[in-house]
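This report describes one protein chain for a reader who is new to structural analysis. Please keep the sequence and the model in view while reading.

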Amino acid sequence: MTTTFSTPDTFGVRIGGLPVPVLDDMRSPELWHLVDTVLAGERRLGAAEAELSDALYELIGRGGPAKPRLVALRRAVHNRRDLAGRYWNDEVRALLPPAVTDGVRSWAGLLAAHRDDTARLDELVEHQAAGQYPLLRKAVADPGFQHGLVLSSPALYEQVRKWLARPDEALPDRSLALRLAKYLARVTMKTSPFSTFTVSGLGVWRDADAPAAGPAEAGLDVTTVAELNVWVVQQVVRRLSRHPALAARMRIRLNPGAALAGERWEFLGPGSEEPLRALPATAAVAACVDAVGGHGRVHAEAAREVAARTGNDLAAADAYLGRLVELGLLEAERPFPDQALNPLAALRDWVAGALPDTAELVRELDALAERVSAYPALADPADRLRCTTAVEAGLRRVRDLAGPDHIELPAKNSVIENALLTAPLTGPARRDWQPVLRDLDVVRRCYAVLDPALPGRVALADTFAERVGSGATVPFLAFHRAVQKWLREDPGLPGLLSIATHGYAALAGHRLPRIRELARLRAALCAEVTAGQPDEQGILRPDPGRLAALADDWPVWMRAPDSVAFYGQPHGGTDTHFVINAVNSGHGRGRDRIRRLLAQAGITARADTAPPPDGVLVADTCRHFGSNVGLRMSAVADEIDYPGGHSLRPAEHRVPLADLLVRHDPERGLLGLWSARRGAEVRPVHPNLIAELWLPPAVRLLLQAFGATSNLLIPGRRMFGDPSLSELDGMLAEPRVVIGRTTVSRRQWVFPVTAVPVREKGASDRAHLLRLAAWLRDHGIPQRCFVRALDPASVVGGSVWRIKSRKPLYVDFANLLLVGVFERMLTGEGQVLFLQEALPAPADVPRYGDSGPRVTEFLIEINGGRDGDERRRTA
């Protein structure tokens, strides 16, 4: 089947916070060359010694008066001692065959050269170690680096400031030097959406006929925006909602998930656990529901209406409304939208509406807003630290005024700053990238089988058909309640519903036939990719056409994701190549956050996504879930109106949670989600950058059962097959996998931490470096790589998302400070190390004029959307 796909006109861009040479200049190619020389000398010496040992052994076995001297000679060679005259003289040499004599002389020359090389290596290690500190000092003195450090680690910034205040020749504490080297490696060689250590922006595809502006011709024009931590704002709003002067002005609405089921209301209760609740539909409850109406009503007005309807006094009506809000049937709507462009200003305006009762609080909020607004313009890092300290003090005063027992302040990141490109980056010509885009679409289609959520979807659908009925329809909340019961009764179901469950090996013998079929088809796909022999470069090159043909034959219940976002790095010379770093659902993911940040900076940008298939509503939620990375400008038209949210979208683009129906599709054997009011299928999506595990339970179920899987490639996984970490013994080397021009898996080495040679007691830096380098060479591990140290159970069980070390750390073994950082990663008992090649190489990253060469990551969205629906229609 021929499929069409599209990619939006814009793509996301992330650029490393420091030029690559800042870190690369700290490495020593000369040191590594000399290490190679010493190791080569060691190998030559070893070979010569083995040959001499055998020859002398044979001569010794013949006996004779020279035997003691030959034994002494053999021992000297074995122990690499200088040759003494008592056993190495003309008389002894006359007794030896010429080949042995020449061999001893050659060995002595090798030994002398090896000693010279080793002595030079000792000197070079000492010189290199000392020479790194001025470069480290220069790097951490960079204002941009310190700006990021003020927010990410104020304590480390203070240590840096104290070191820089000392004379230039003053050396830092070893622990401080290693921490800073680790930070530099991350800032220079990785990108993150949550810091000023990375510049984010949008790129646009260049027209084929337009001249290539090329990043080499233009430096980076960067601005920054600062935000107050929205988690704090959320807590303040929640607490102030109980303030008498503000509570009366809050709008109350019916919980959008509340549905009347016979003689009772069913709904999700408030709080992170979202208890499923039921409440009798009494006359008093009906009066309160009618009083708030379909669109909500100000609390005070609703209380008067309830009093009028029930004949109770106003205080009783108010108390009853409050109780229904407490239970969750009604909810106090947030006073401003979740996605308000300036939540702090919106909070201030809301609080100011209750003056004079809130005058002191308004003054504190005004002061906070002024400090946050001024923050990006502060050039001196010390001024920035003073500003963040003042913001934290202001937040404590706000907390004390609003309710100190109910507001928790973050340990850091009260202010969040993001660096942005002020104008779109002119990217490559779309025509030149068409081969890569086709490769990415093939990968997207492979996720019809690889989607980690699919086993759970199949299990839920089959259980539904068995217990509820094939083709049956139930309200979503009834389905939600049933799933909780099934989870308690079926011990195998929770594992299937965990999208992070490790691999599919355990599914091959599952009781459900379709899950066994899924396991078989996935194994066949992985075999197609990995069964061949790597080429001379250690690369597997499966045929993309063959993979696409396999996808054509898969059953209709395996539908490829409509929209996939690929994070990766461009590389290559005349031919375009791409290396995938991460795979997520698309629908504007990442780009909608960048667009929002640009809007805060006063810059208008577009970040569209493809329209949904006919008859389908693609819907997200407006919630930010207490995280600034959840603040965005959504690219999808519709949303699921979810409890606790306040949307900017008009009512016609909101689908209440209570409007959702779960329908079993006998044709595809899967469950579908439908809007009763709009008569359309609903596909939930989560473009939000927050990991799914932090989402409320019902949102997780919506995504798991019906929606787009947010994280399609789990950290520590390979796209086409995983090693069984429970059986890992020794070293597992895995080849690079390239589909067309796209690298889907880098070369990787997986091994227990105990496999790495550790520093022997009393060993010098030179001795340890030689042992480490020999080990790397024995296993074909490159000098530069990215390292993760993970607990195998966290990878298998899915808790890897909670572990900071899931993020790869760049290590260059020709950089002695990074060697020290690597040593510190070897202390985790029972951990497994994942080493991946550094691809692209530092020398291959784009250059940005005066801004220098920097690691660059593209976020490319591939939209198919209609291929799965076409397969369904033609099945």
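## The chain as a whole

The protein chain has an accessible surface of about 36,600 Å², and 51% of this area belongs to carbon and sulfur atoms; such areas come from the Shrake-Rupley method with a 1.4 Å probe. The model is predicted, so local features need pLDDT of at least 70 and side-chain atom pairs count only at pLDDT 80 or more, whereas totals for chains, interfaces and linings use all residues. Residues are numbered from 1 along each chain as its sequence is written, and side-chain values use heavy atoms, with hydrogens and water left out.

Of the 875 residues, 54% count as buried, that is, under 20% relative accessible area. The C-alpha atoms fill a box of roughly 125 × 65 × 60 Å along the principal axes. The protein chain contains 28 helices and 29 strands; these are DSSP runs (helices H or I, at least four residues; strands E, at least two).

## Helix H21

Helix H21 covers residues 513-530. At 1.5 Å a residue, its 18 residues should span 26 Å, and the end C-alpha atoms lie 25 Å apart, which agrees; the expected span is 1.5 Å times one less than the number of residues. Among the buried residues of H21 are Ile 515, Leu 518, Leu 525 and Val 529.

## A sheet of three strands

An open sheet of 3 strands has the order S5-S6-S7, with antiparallel pairing; strands pair if DSSP finds at least two bridges between them. Strands S5 (259-261) and S7 (276-280) stand at the edges with a single partner strand each, so one side of each has no neighbour in the sheet.

S5 and S6 (residues 264-268) pair over 3 bridges. In S6, Arg 264 is the bridge partner of Ala 261.

Conventions. Buried < 20%, exposed > 50% of the residue type's maximum accessible area, 1.4 Å probe, protein only.
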